[in-house]
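Dear colleague,

Here is the structure we spoke of handing over. My notes on its salt bridges and its pocket follow below.

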Amino acid sequence: MRIVVQRVSEAAVTIADKTVGTIGRGFMILVGVGPTDTQRDVDYLVRKVAKLRVFSDDQGKMNLDLAAVNGQVLSISQFTLYADTAHGNRPGFSQAASPELGQRLYESFNDGLRQAGITVATGEFGADMAVSLINDGPVTILYDTEEEGR
């Protein structure tokens, strides 16, 4: 799995001009699933996100996690994180999971964050979405379970 975590002061997602998810301070996360990903990858990323310490403490050091700042998550499915750009100018997406597996693990990721006590807003899997955010910092972290030996 690949996720892009952006620390935000606010974020929202709209579908057909209707806002379907919005958060204040927290993380906007793009979630991509590969064909060999499993629940083990989901569980690993849930732990990493829940404990990611990138919010400033009283000394201005990035030392606080989501719980410490009452942060929220806006989670967006993003199969294009698995784009193959090695050849030509049009990316290929054969390295992304099937829609069935992608949706199952994406929903499991969101459920895992909720079980960790995190408020999670989402877009709609497979929908054409418009995402807006204010990246705070900016702080952007990339996790790739394949590269991390998961």
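Is Arg114 buried, partly exposed or exposed? Arg114 is partly exposed, at a relative accessible area of 38%. Please keep in mind that this is a predicted model.

Salt bridges

The structure holds three of them. Arg114 pairs with Asp111, with 3.3 Å between the closest N and O atoms. Both residues belong to helix H2 and are three residues apart, about one turn of the helix. Asp111 is partly exposed too, with a relative accessible area of 39%.

Another salt bridge joins Asp144 to Arg2, where the closest N and O atoms are 2.9 Å apart. This pair links distant parts of the chain, 142 residues apart: Asp144 is in strand E8 (residues 130-144) and Arg2 in strand E1 (residues 2-15). Asp144 is buried, its relative accessible area being 6%.

Asp136 and Arg7 also form a salt bridge, at 3.4 Å from N to O. Here again distant parts of the chain are linked, with Asp136 in strand E8 and Arg7 in strand E1, 129 residues apart. Asp136 counts as partly exposed at 29% relative accessibility, whereas Arg7 counts as buried at 8%.

Largest pocket

The largest pocket holds about 390 Å³ of space. Its lining comprises 22 residues, and Ser77, Gln78, Phe79, Thr80 and Gly126 lie nearest the centre. By class, 14 of the lining residues are nonpolar, seven polar and one charged. Strand E3 (26-32), strand E6 (72-77) and helix H2 (99-115) each supply at least two lining residues; E3 gives the most, with four.

Regards

Technical notes. Residues numbered from 1 in each chain as written. Predicted model: local features only at pLDDT ≥ 70, side-chain atom pairs only at ≥ 80, totals over all residues. Heavy atoms only, no water. 1 Å grid on protein atoms, 1.4 Å probe; cavity = no way out; pocket = protein on both sides within 12 Å on 5 of 7 lines; lining within 4 Å. Points joined across faces, edges and corners; volume = space filled by probe spheres on them. Nonpolar A, V, L, I, M, F, W, Y, C, P; charged D, E, K, R; others polar. Salt bridge = Lys/Arg side-chain N within 4 Å of Asp/Glu carboxyl O. Buried < 20%, exposed > 50% of the residue type's maximum accessible area, 1.4 Å probe, protein only.
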